[in-house]
Amino acid sequence: MKKRQHWIIEGIFFGIIMLVFSSLFDFLNHDFIWRNFPKRIIIWLIGGLLYGFIMHLANKKYLNKIKENERNNN
């Protein structure tokens, strides 16, 4: 898989994990409604992709800073 797509997979996994935990929390508090579940899936997947993209940008910035420091030290 290409490196530039890893943030997408990371974001989807994050969204799914957060969906499961938030749904479990609502289920235990007796606030879970099946009618709202499709909306929650969409919201958590978009949120997960946003998280993955932000982490992608942060890692890219960090790696560029390391490369610049290596160039300056040599």
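Analyst: The part to look at is H30, which lies in the loop between helix 1 (6–28) and helix 2 (37–73), where helices are DSSP runs of H or I with at least four residues, strands are runs of E with at least two, and both are numbered from the N terminus. This is a predicted model, in which local features need pLDDT of at least 70 and side-chain atom pairs count only at pLDDT 80 or more, while totals for chains, interfaces and linings use all residues. Residues are numbered from 1 along each chain as its sequence is written, and side-chain values use heavy atoms, with hydrogens and water left out.

H30 is not a glycine, and yet its phi is positive, at about 60 degrees. Its relative accessibility is 72%, so H30 counts as exposed; here exposed means over 50% relative accessible area, buried means under 20%, and partly exposed is in between, with a 1.4 Å probe and protein chains only.

Helix 1, which H30 follows, has 23 residues that should span 33 Å at 1.5 Å a residue, and this agrees with its end C-alpha atoms being 33 Å apart; the expected span is 1.5 Å times one less than the number of residues. Within helix 1, the residues G11, G15, L19, S22, S23 and D26 are buried, and helix 2 is included in what covers the buried residues of this helix.

D26, in helix 1, has a relative accessible area of 17% and is therefore buried. If neighbours within four places in sequence are left aside, D26 is in contact with D31, F32 and R40, contact meaning heavy atoms within 4.5 Å.

Turning to the whole chain, the protein has two helices and zero strands. Its radius of gyration is 18 Å, well over the 11 Å that the globule rule gives for 74 residues, so the chain is more spread out than a compact globule; this radius is taken over C-alpha atoms, and the rule is 2.2 Å times the number of residues to the power 0.38. The C-alpha trace spans about 60 × 25 × 15 Å along its principal axes, and buried residues make up 12% of the 74 residues. Of the contacts in the protein chain with a separation of 6 or more, 63% are between residues 24 or more positions apart.
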